[in-house]
Amino acid sequence: MFLMTSNSSKRAFITELLDRESTSEDDYETSSFSPILQRYRNSKDESQKDYIRACKHCGVVPLTVFLRQLGEKSMSLRFQLLSQKAIKSCAIALLRNSKLQSLDLEGCQIRQSGAKYMFDVLEKRTNITEINLGSNKLGTEGLQWIVRLLQSNHHIKSINLSDNQFEDTDAVYISDILHGDNILNELNLSHNNFSAEGGLIIGSALGCNETIKNLNLSWNHIRGRGAQAIGLGLQKNASIRILNVSWNGFDVAGCHGLSHGLSKNSTLVDLDLCSNRVGIIALSKLLEGMKRNSTLEVLRIGNNPITAQGPMFILQSLKSIPNIKYIDLHLQPVDMDFVSSLITCQKTRDIHVTYGKVCLKPATGDEDSTMYIKGDPVTVMFEFTRMKAVDVLDLFITFDTDGSHSVTWEEFKEGVQVSKIPVRMRDLDTIIKRIDINLDGEINFSELMIAQKEHNLRVKRLMDKGERVFINSEVGVIHQELLDWFKDKGVFLKNYSFLSTLQASEN
């Protein structure tokens, strides 16, 4: 590491770099680089001279795009794929550049060694305030150099660290940034590999930060407790205005945390929750927090399984959320009732909503009525599995496609379809809410087993009272409809009768 405290130390730093891996100037002058050398040989810009000299000694081709931008306020070398020698040459030229304010190195693949050179160059620079280091494969070691840079340079306001292969173990360094003594206003951590554990660390640090106004955590794998921690972090945070957590897995747990965070937050203006497995239950929790918030103006919630009920649910809640000005539902289908209600709402307040296809008939999202059984969806599901003698463990394994020992909304939807359980897709949220004892938005094996046993006990109590009582009950009606449904689908139930039903319930 080279520390720079004066002009003499800068010159020493340059000399030390140039003394390594030098190339013969005679060979360089006769190479294909000579036209570039001739063009900038008599340049009055000291940074350009430093760069040409550095390229000579390192044996790399001078980048004309870099030379042209030396002396400008902003520089972009996006996707130039700089080698270690190339980034070293650029670093030397930037040492004496006092005009540059914005540096874009996205996609240059500078890796850990390049991050170290950036630290050496930028540690004492006061002119550069914006840095884009996205898609550079920095990894853990590279991130450590960036943390040290932000600890020593208190003039950087914006930094992009997206797509740098950061893992949950790197979240502690992100925490250092959030806790650090800096003036960072904008931090982009999208397209990394942070999951639940990383979310816990970042969410905890979020409540201590007082400078960041724009935080981007999109395209990670934050879910469960990590997503909840991010939301709860908003309770104490007094700076964030824009929060992008799209393309994660916030689901019920994350929206529960956001609800609590929004209820006490007084700065957030723009929230992006697109593609986060947000269903009706999660949406209802989010809206509860929004009703107690006085600053949020923009909600982006497209690409979520909120069903056709969701848009109308949001619209009805707007009466208690007067600050919202824009809602992005992306391509979510709506019906004419929603459109009419929106037009009525827009007559009394300034509100804009982006949505998808307008269905002429109510967009219920239901399948053909012959494909499902009417009635309580939980009863339908468990009576279906009881009548088919499906073991609860086998059912859970069918649902738990990723082997995580818990079933998400998407997995539940796929499991219902694979098992051909005749319930409406719009009723899945109702089923999960009824079975989900710990209210984490997912179903584990014990919860599914408890729910099935409760259903079987209910059936047994009815049957103990006699066949007529059972047939006239809600379960009995569904039971009879299922018998007809099995017959229509050509599903044969061996030796099925009231007696066999009673025996099955006892088991």
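**Aromatic pairs and a helix contact in a predicted model**

Phe 166 and Phe 194 are both buried, where buried denotes under 20% relative accessible area, exposed over 50% and partly exposed the range in between, computed with a 1.4 Å probe on protein chains only. The model is predicted, so local features need pLDDT of at least 70 and side-chain atom pairs count only at pLDDT 80 or more, while totals for chains, interfaces and linings use all residues. Residues are numbered from 1 along each chain as its sequence is written, and side-chain values use heavy atoms, with hydrogens and water left out.

The protein chain has 507 residues, of which 53% count as buried. Its secondary structure comprises 23 helices and 15 strands, taken as DSSP runs numbered from the N terminus (helices: H or I, at least four residues; strands: E, at least two). Among the contacts with a separation of 6 or more, 80% join residues 24 or more positions apart; a contact here means heavy atoms within 4.5 Å.

Aromatic rings of Phe, Tyr and Trp (its six-membered ring) pair if their centres lie within 6.5 Å, and planes under 30 degrees apart count as stacked, over 60 as edge-to-face and the rest as tilted. By this rule there are eight aromatic pairs. The ring centres of Phe 166 and Phe 194 are 6.5 Å apart and the planes lie at 40°, so this pair is tilted. Because Phe 166 belongs to the loop between strand E4 (158-160) and H9, and Phe 194 to the loop between strand E5 (186-188) and H10, the pair ties together parts 28 residues apart in sequence.

A second pair is formed by Trp 219 and Trp 247, whose ring centres are 4.4 Å apart with planes at 15°, so the pair is stacked. This pair links distant parts of the chain, 28 residues apart: Trp 219 is in the loop between strand E6 (214-216) and helix H11 (224-233), and Trp 247 in the loop between strand E7 (242-244) and helix H12 (251-264). Trp 219 is partly exposed, with a relative accessible area of 40%, and Trp 247 is partly exposed, also with 40%.

The axes of helix H9 (residues 171-179) and helix H10 (residues 196-206) come within 9 Å and cross at roughly 10°. H9 is therefore roughly parallel to H10, a label for angles under 35 degrees, with over 145 roughly antiparallel, 65 to 115 roughly perpendicular and the rest oblique. The axes are lines fitted to C-alpha atoms, for helices over the stretch in contact, and angles run from 0 to 180 degrees between N-to-C directions. Residues making the contact include Ile 174 and Leu 178 of H9, and Ile 201 and Ala 205 of H10.
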